[in-house]
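Morning, everyone. Please bring up the model and keep the sequence beside it. I'll go through a few places, one by one.

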Amino acid sequence: MKGMLAQVRSHDRAVQLLMVNQFTINLGFYMLMPYLAAHLSGTLGLAGWVVGLVLGVRNFSQQGMFLVGGTLADRLGYKPLIVAGCALRTLGFATLALVDSLPALLAASAATGLAGALFNPAVRAYLAAGAGERRVEAFALFNVFYQAGILLGPLVGMVLTGVDFRVTCLVSAGIFAVLSVVQIRALPARRAAAPTGDGGTESVLAQWRAILANRPFLLFSAAMIGSYVLSFQVYLALPLEVRRLGGDGESGTAAVALLFAVSGLSTVIGQTRVTAWCKARMAPGQALTYGLTVMGCAFLPLLAASAIPVPDKGVALWLLAAVPPALAALLLALGTMIAYPFEMDTIVRLSGDRLVATHYGLYNTICGIGITLGNLLTGAALDAARAAGLAALPWLALLALGLACATSLYGLHRSGRLASPVAEPAPR
């Protein structure tokens, strides 16, 4: 821990602030979002389809606006978009505490999603610019703070929601309000470098066309979709498997909690060590390939467990419900630790240090669409497996996805397409 803190202190103060900010952003977000559906369906008594609509609006407004948020960050500067995103999330979460009509809930949900679309690309582009040649190390540290917020947020939210969900909303809104003030007062202004050859006057559509013509970037984005689909299974397939075997009682709840604890704590403890080890021994493309391979192999414990007869009850049943998913969560976290810092660095390199926030925005949109489609297919595979009595089916599919994406990344690495492009004048 001391070594990690020393690494953090060795970075520019703005980079340090961005890391702490991301911890606080995730703390405020995850203390509220895991309990929103229960509030909407329970306290407010909304129908299931309405709850899905409210949550879907948040996801759609965020994924659909990432490209716009990134473009604005490159044009207006990173700081204004970070401040605007925090302020908008303050408004959205405060509104969730105070309203119960469907139009107001939809507006608040859309605001919280748009807020993420504004500050996420800007934060990553700012971090990449501020860290310079130490980008890989900086993104490894960033992921530690990111995961720590995810780990602590639901615990704080559980305590606050035990009092009243509205209290959770207002506390979360207060956190984002404080963040907004801190950004305004303490975060130095930083803008993207003007695109080569156009003095910064190139139209948005011309910029988007140039990015869409960046074939290595698009191929890389497509190959990395699998990493997001696989890592999301900590929230989808793994808890469902735990509940299928362990039930909905306290033992099942404890097994699900174990998943998140393993995933978050392993990243907080091991991320910087894993990154330092990989950086000393691998090229970025190799690290990405190994990371996706490990993520695909994360489902081997579940595949092996599917061949074991299910005990009727007792400790043996709980162990079967808890241990293979926990091992899968650990391997998914390890694969993410290997890949994530190099993934963020590769996006900057493939952008040629030009319109970095816009590239991050488009990347997030592509991966967000991939997560949606991947989760639909994963859900269908889980249903088909139960209907046909083929418990191994979803784990085989996820293993194949990970290995296919790893193979694609290996091909991109071997062909040199993950290297920095040669700088060319921007199209007028």
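Start with Asn214. Asn214 is buried, because its relative accessible area is 15%, and buried means under 20%, exposed means over 50%, and partly exposed is in between, using a 1.4 Å probe and protein chains only.

Two quick notes on the source. This is a predicted model, where local features need pLDDT of at least 70 and side-chain atom pairs count only at pLDDT 80 or more, while totals for chains, interfaces and linings use all residues. Residues are numbered from 1 along each chain as its sequence is written, and side-chain values use heavy atoms, with hydrogens and water left out.

Back to Asn214. Where is Asn214? It lies in the loop between helix H9 (204-212) and H10. Helices here are DSSP runs of H or I with at least four residues, strands are runs of E with at least two, and both are numbered from the N terminus. What does Asn214 touch, leaving out residues up to four places away in sequence? Leu350 and His359. Contact means heavy atoms within 4.5 Å. Now look at Cys169. Asn214 and Cys169 are 45 residues apart along the chain, and their C-alpha atoms are separated by 42 Å.

Next, the helix pair H10 and H16. H10 covers residues 215-232 and H16 covers residues 356-388. Their axes are 8 Å apart, and the helices pack at an angle of about 45 degrees. Axes are lines fitted to C-alpha atoms, for helices over the stretch in contact, and angles run from 0 to 180 degrees between N-to-C directions. H10 and H16 are therefore oblique to each other. The cut-offs: under 35 degrees is roughly parallel, over 145 is roughly antiparallel, 65 to 115 is roughly perpendicular, and the rest is oblique. The crossing of H10 and H16 is right-handed. A crossing is right-handed if the near helix is turned clockwise from the far one by less than a right angle, and left-handed if anticlockwise.

Who makes that contact? From H10, the residues include Phe217, Phe220, Met224 and Tyr228; from H16, they include His359, Tyr363, Ile366 and Gly370. By class, the contact of H10 with H16 has 13 nonpolar, six polar and no charged residues. Nonpolar means Ala, Val, Leu, Ile, Met, Phe, Trp, Tyr, Cys and Pro; charged means Asp, Glu, Lys and Arg; the others, Gly among them, are polar.

Compare a second pair, H2 and H6. Their axes come within 9 Å and cross at roughly 150 degrees. H2 and H6 are therefore roughly antiparallel to each other. H2 passes H6 in a left-handed crossing. Among the residues in contact are Ala14, Leu18 and Gln22 of H2, with Phe119, Arg124 and Leu127 of H6. By class, this contact of H2 with H6 has 10 nonpolar, two polar and one charged residues.

Now H3, residues 33-43. Which residues of H3 are buried? Met33, Leu36, His39 and Leu40. Seen down the axis of H3, they fall within an arc of 95 degrees, so they line one face of the helix. That arc is the one of the directions from the helix axis to the C-beta atoms. An α-helix has 3.6 residues a turn, so residues three or four places apart point the same way. On the other side of H3, Ala38 and Gly42 are exposed. The buried residues of H3 pack against helices H2, H4, H5, H6 and H8. Just after H3, Gly45 takes a positive phi of about 70 degrees.

H11, residues 237-246, is mostly covered: seven of its 10 residues are buried. Among them are Leu238, Glu241 and Leu245. The buried residues of H11 pack against H12, H14, H15, H16 and H17. Just after H11, Gly247 takes a positive phi of about 80 degrees.

Last stop: the loop between H15 and H16. Most residues other than glycine have a negative phi. Asp353 sits in that loop, and its phi is positive, near 60 degrees. Leu355 is in the loop between H15 and H16 too, with a positive phi of about 55 degrees although it is not a glycine. Buried or exposed? Asp353 counts as exposed, at 51% relative accessibility. Leu355 is buried, with a relative accessible area of 6%.

That's my tour. Thanks.
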